[in-house]
Amino acid sequence: MGHRGESALIAGAIVVWIIFLLSRIGIWRPDVITGVYWLPMGFLPLWVLWTSVQLYRQEWRENTSYLMLSLPVRARVITSAKLAVLVTGIVGFTLLILAGGWIVAARTGFLGSIVRHPEFAKVPTEWIIKMSLFGYGGLVVGLVVLGLISQFAYLFSRLFTRFQGLVMVWTWILMIWLLGVAADLGSVIFGWLPDFYLRSLTIFFDTPEFSLVRVESGPIVAVALLLIGIYSLLNVLLEQVVEV
Amino acid sequence: MKAVNSVATVVFDRVTKGFGRLRAIDELSFTIREGTILGLLGPNGAGKSTMLKLVAGLYRPDSGRVTIDGDQPSPKTKAKVAYLPEIDYLYGWMTVRQIMEYVSAFYPDWDDARAAEMLKFMGLDPATKVGRLSKGMRARLKIVLAMSRSAPVVLLDEPLSGIDPTSRSRVLRAIVSEFRSDSQTVVMSTHDVVESEALFDEVLFLKQGRVALSGEADKLREERGKSIQELFEEVFG
C-alpha cells in the first residue's frame with residue numbers, strides 16, 4: 001500500500017527514540033527514562049485519526065476512487081479491507097511500542113526492581129496475563145472504534161460540496177456524543193443483561209486481596225450495537241450515496 | 001441467471017443529473033443498442049462524461065433511472081461494465097503487472113491471454129511503475145485494462161485524450177480489434193470526431209445534457225449527405 005513509507009518512517013522514529021533513551025542509561029534516573037519513554041506515544045490516537053481518514057481521502061485526492069467505486073464488490077469488502085489496514089497498523093505499532101517499553105524498562109533496571117519487589121511475588125502470574133491481555137484488547141478496540149468513527153465522518157462529509165472539513169469535525173463530535181448517549185441508554189434498556197466481573201488486586205499489609213469489580217453489560221452492548229449501525233451506514237454511504 | 005458475457009442493453013429513462021445550478025444531464029431518455037460501438041459526441045461540458053459515470057455507477061441520477069439489463073447500477077451491474085475514465089485513476093505506486101493482477105482479481109471475465117497480447121501490442125513494460133509512465137503510456141494501459149475483459153458494456157471516456165497521433169491510431173486499432181459485436185457494447189465519448197468516426201455504428205450528439213441528434217452513423221451520413229464530423233460542426237458550430 002501507499003502507506004508503507006509513512007509506517008516505516010514512524011516505526012523508524014520509535015526505534016530511534018528507544019535507542020536514544022537506552023543511551024541515557026547511567027545519565028538519567030531509570031524511572032525518568034521509563035516514564036519519558038511513554039510520553040511521545042500519545043501520537044498513536046492521532047496516527048489512527050490521520051490514517052483512517054487518509055485511507056479514503058487519498059482515493060478521492062488521487063482519483064483512484066474511480067477504480068475503487070467501479071469494482072463489482074459490496075462496500076463491506078472495501079470498508080473491511082481499509083479497517084484491516086488500520087488494525088494491522090495499530091497492532092504493529094502497539095506491539096513495537098510495548099516491546100520498546102519492555103526493553104527500556106529492562107535495560108534501565110526499572111523492570112527488575114519491580115519484579116524483585118517482595119509484593120510482586122504475591123501477584124498470580126495468571127492474573128497479570130489476563131489483565132494485560134484485557135488491557136491490550138481494550139486499547140486496540142478503542143483505537144479501531146476511533147478509526148471507524150473518523151472514516152464515517154469523512155465519508156459523510158463527502159455528501160456536501162462545501163464546508164466538508166467542518167462537517168467532518170462536527171460529525172465526529174456528534175458520533176462521540178452518541179456513543180455516550182448509547183452507553184447511558186444501554187444501562188437502562190439492557191439492564192436485564194447479566195453483568196460481568198473483573199478481579200481487582202490490592203496488596204494490603206503484604207497480603208494480596210482480590211475484589212470483584214462489576215462491569216455493566218448494558219452500556220457495552222448498546223455501544224457495540226451503535227458501532228454496528230455506524231459500520232452499516234458507512235457501507236450504505238460508500239455503496240449507494242457517495243460519488244467520485 | 002444471465003451469463004456475464006451476454007450483450008447488455010443500457011437504458012436512460014428521463015435521467016437528470018445536476019451539479020449545483022448546472023444540469024449536466026437534462027431529462028435524458030435514450031437506449032444504447034446492444035452489440036454496437038456508440039460514439040458519444042459533443043463539446044466539453046455537453047454531459048458525455050456524466051452520462052458514462054451514471055452507467056458506471058459513479059454518479060447517481062437526481063431523477064429518472066439508468067438501467068443495465070434492467071438493473072440499476074450496483075455491484076452486479078459493475079461486473080458487466082468495463083469503464084475507462086478520462087483522468088488518471090490508477091495507483092501510481094503499483095507496477096503495470098501489479099495493477100493488472102489487482103484489476104483481474106475482481107473480474108471473472110478477465111482474459112489473461114488477451115491482456116498479455118494487448119500489453120505487448122501497446123509496448124508496455126509490466127515491471128514499470130504506473131506513476132513513472134508517460135501520459136500516453138498510461139492512456140495505453142487504461143485501454144489494456146478496459147479491453148482485456150469480455151465485459152458486455154465497455155465505456156471509454158475520451159480514450160484518445162493526451163495521446164500523440166501515432167499512439168492514437170494504435171489505440172483505435174486496439175479498440176476495433178478487441179471489440180466483439182456478438183458480446184459487447186462499446187460507448188466511446190470523444191470530441192475528436194475525425195479520427196474516430198469510422199469506428200462508430202451509432203452516434204449520439206449530446207448538447208447541454210440533451211440528445212441533439214442520434215442514429216445509425218451510416219444512415220445519418222446517407223440521409224444528410226454529410227460526414228459525422230460535418231454533422232458535428234452543424235450541430236455544435
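What follows goes from the chains to their helix pairs, cores and contact.

This is a predicted model, so a few ground rules: local features need pLDDT of at least 70, side-chain atom pairs count only at pLDDT 80 or more, and totals for chains, interfaces and linings use all residues. Residues are numbered from 1 along each chain as its sequence is written, and chains are lettered from A in the order in which they are written.

**The two chains**

Chain A has nine helices and two strands, while chain B has nine helices and nine strands. Both kinds of element are DSSP runs numbered from the N terminus, with helices being H or I of at least four residues and strands E of at least two. The order of elements along chain A reads α-α-α-α-α-α-α-α-β-β-α.

How much of each chain is buried? In chain B, 43% of the 237 residues count as buried; in chain A, buried residues make up 21% of 244. Buried means 20 or more other C-beta atoms within 10 Å of the residue's own, exposed means 12 or fewer, and partly exposed is in between, with C-beta atoms placed from the backbone.

Contacts are pairs whose C-beta atoms, placed from the backbone, lie within 7 Å. Of the chain A contacts between residues at least 6 apart in sequence, 74% join residues at least 24 apart. For chain B, residues 24 or more positions apart account for 72% of the contacts with a separation of 6 or more.

**Helix pairs**

In chain A, the axes of helix 1 (residues 4–23) and helix 5 (residues 75–108) come within 10 Å and cross at roughly 10°. Axes here are lines fitted to C-alpha atoms, for helices over the stretch in contact, and angles run from 0 to 180 degrees between N-to-C directions. Helix 1 of chain A is therefore roughly parallel to helix 5 of chain A, a label for angles under 35 degrees. Among the residues making this contact are A:Ile10, A:Ile14 and A:Leu21 of helix 1 and A:Phe93, A:Leu96 and A:Ile103 of helix 5.

In chain B, helix 5 (residues 135–147) and helix 6 (residues 165–178) pack at an angle of about 0°, with their axes 11 Å apart. The residues that meet include B:Ala139 and B:Ile143 from helix 5 and B:Val171 and B:Ile175 from helix 6.

**Cores**

The largest nonpolar core has 71 residues, and those with the most contacts inside it include B:Val55, B:Val81, B:Ile143 and B:Val153. A nonpolar core is a set of buried Ala, Val, Leu, Ile, Met, Phe, Trp, Tyr and Cys residues joined through C-beta atoms within 7 Å. Helix 5 of chain B gives the most to this core, with seven residues.

**Between the chains**

The contact takes 13 residues from chain A and 18 residues from chain B.

Notes
Two residues are in contact if their C-beta atoms, placed from the backbone, lie within 7 Å. Angles under 35 degrees count as roughly parallel, over 145 as roughly antiparallel, 65 to 115 as roughly perpendicular and the rest as oblique.
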